[in-house]
Structures are given as C-alpha cells and as structure tokens.
Amino acid sequence: MDRLVTITILLFFCCVSFISGKEKIKVLNDFDKVQHKDCSSLLKAGYNISGVYRLHLNDADHLMPCEFRDNTAFTVILRRLSNSLSFIQPWAYYEAGFGHPQDNFWGGLAQIYALTAAGNNKLQINMQDWAGNNQNAVYSGVYLENRDTRYRLHVGAYRGSLPDELTYHNNMPFSTYDAPDPYGCAANMKAGWWYNFCAYTLPTGIYYNGGWYTPGGSMYDGIFWKDWYGYNYSLKFISWTLSP
C-alpha cells in the first residue's frame, strides 16, 4: 500500500501540467459520446490511464480525476497537496465542487452523493506526512443522504494502518461557516466538514507547510488525523477516492 500511495503522490507532484488561462485541461474521454457515471464505467469501456475524465452526474457534465490500478477504478473526490487553494469556502462551493481536477480538488457534495448512490461505496483515504511516511484508511458502506439532510454522512466497516477517526463523524450533516453546526465548529475551524463537536480528522483544514503548526484561532484547524501526530500536525498529502 505504501508503494501505491507513493506512486500516486509522485504522479500528481511530478506529472501535473500546470494550466494557464490559455491552456485547456486534457480530458481523456472528451470525444466519447457515452455519458459515463463514474470511473468504473470508464474502465469497463476500456479506459485505463489515470487522469481527468468527463463524468455525467446530476444531469450535467463534471471534470473528475480517475485513478486506475490493479484493475480497479477510483474516482477522486478530494485531494490536498499544497497551500495553493483555500478550503475556507461557503456552502455553495462545497456543494458544487471547487479546485482543479489535476491539483487541489474538492469534488462537490452533490457529485459525491450521486457517486455513492450509483454504488461507489468504498472510500479509500491515502495520507502522507512531511517525512514521506504513508498511511491509509478504507471504509465500506459509505454514502451520503440527500441535500435535504445537508448530505448526512454514513460510513461502515473500517480497516487501515491507523486508528479509525472517520466513524466519529458518522451520521453527521455537512456544515460550513455560512451553514453552521450548533457547536460553532465550522465557524472556528473554518473548513466545511461533517462536524461532530468537533473533529477527529479534518482533511479540508488549512494546509500548513512543514507539519507542526500553531492555529491562528481557538481551535486546531490543520489537515489532521487525530491518532497520527495529534491535532497540531498538518499532513503533506491526503486524497479520498471512491470505488464500487
């Protein structure tokens, strides 16, 4: 697993084409008339090169990253690898998605809901610290409820190389600073998240270079996994992918 995580990280650090205003994103199924609903559909159609693809979700086309390895397709819904993009964003951005599909990226609550409803219920989380050490977490039975519940999160069985932190957020609605939770977690920790007074992990937190950090406010707000270095260490890399 460590080798796969390292390969994935190197792929995006070393092989990303930085896009200027005049350059277009290379969409690998740009001329395919089939409306693929997830990366698994693309794999079945013969696609097997990791990159950006056009997926048809919620009656619209969206550019989403796909990773193909071990004859499995993974749809990337979250990626953090630098401080070039702020995740302090309002509800509308978290619902629709933001960032760049070849770089820091949030796929959008509406798209995550559609992907899990289509059977992509296995969540893999890959993480790396600033010394190059990798950890992973895998959850089955993952899905979101619909918009009326503020995309309430559900996670099932866990396996991984670290203690489980995401189950603490099970059955929680999504909150942002302009759609706050009752305990003020989103207001103080800034990022959008499934807060539960408040967080054991925060992949949408502030990207602090170097790992150890001192928060600017009253709460720890970095990209942390509580039982790996604690709250005041912000990870160098984290990605979330969904697969069937």
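## The cavity

This structure holds one cavity of 30 Å³ or more. Here a cavity is a set of points on a 1 Å grid over the protein atoms alone where a 1.4 Å probe fits but cannot get out. The model is a predicted one, so to speak of local features pLDDT must be at least 70, side-chain atom pairs count only at pLDDT 80 or more, and totals for chains, interfaces and linings use all residues. Residues are numbered from 1 along each chain as its sequence is written, and side-chain values use heavy atoms, with hydrogens and water left out.

The largest cavity has a volume of about 40 Å³, a volume being the space filled by probe spheres set on the points. Its lining, meaning residues with an atom within 4 Å of a point, consists of Ile77, Ile112, Leu123, Val142, Leu144, Leu153, Trp194 and Trp240. That makes eight nonpolar residues, no polar and no charged.

## The nonpolar core

Trp240 turns up again in the largest nonpolar core, where Trp106, Ile125, Tyr195 and Trp240 have the most contacts among 59 residues. Such a core joins buried nonpolar residues (under 20% relative accessible area) through side-chain atoms within 4.5 Å.

Leaving aside residues up to four places away in sequence, Ile125 touches, among others, Leu166, Trp225, Ile238 and Trp240.

## Backbone details

Most residues other than glycine have a negative phi, and most peptide bonds are trans. Phe197, however, has a positive phi of about 45°, and the peptide bond from Phe197 to Cys198 is cis, with omega near -5°. Phe197 is exposed (over 50%), with a relative accessible area of 54%.

Note on methods:
1 Å grid on protein atoms, 1.4 Å probe; cavity = no way out; pocket = protein on both sides within 12 Å on 5 of 7 lines; lining within 4 Å. Nonpolar A, V, L, I, M, F, W, Y, C, P; charged D, E, K, R; others polar. Buried < 20%, exposed > 50% of the residue type's maximum accessible area, 1.4 Å probe, protein only. Contact = heavy atoms within 4.5 Å.
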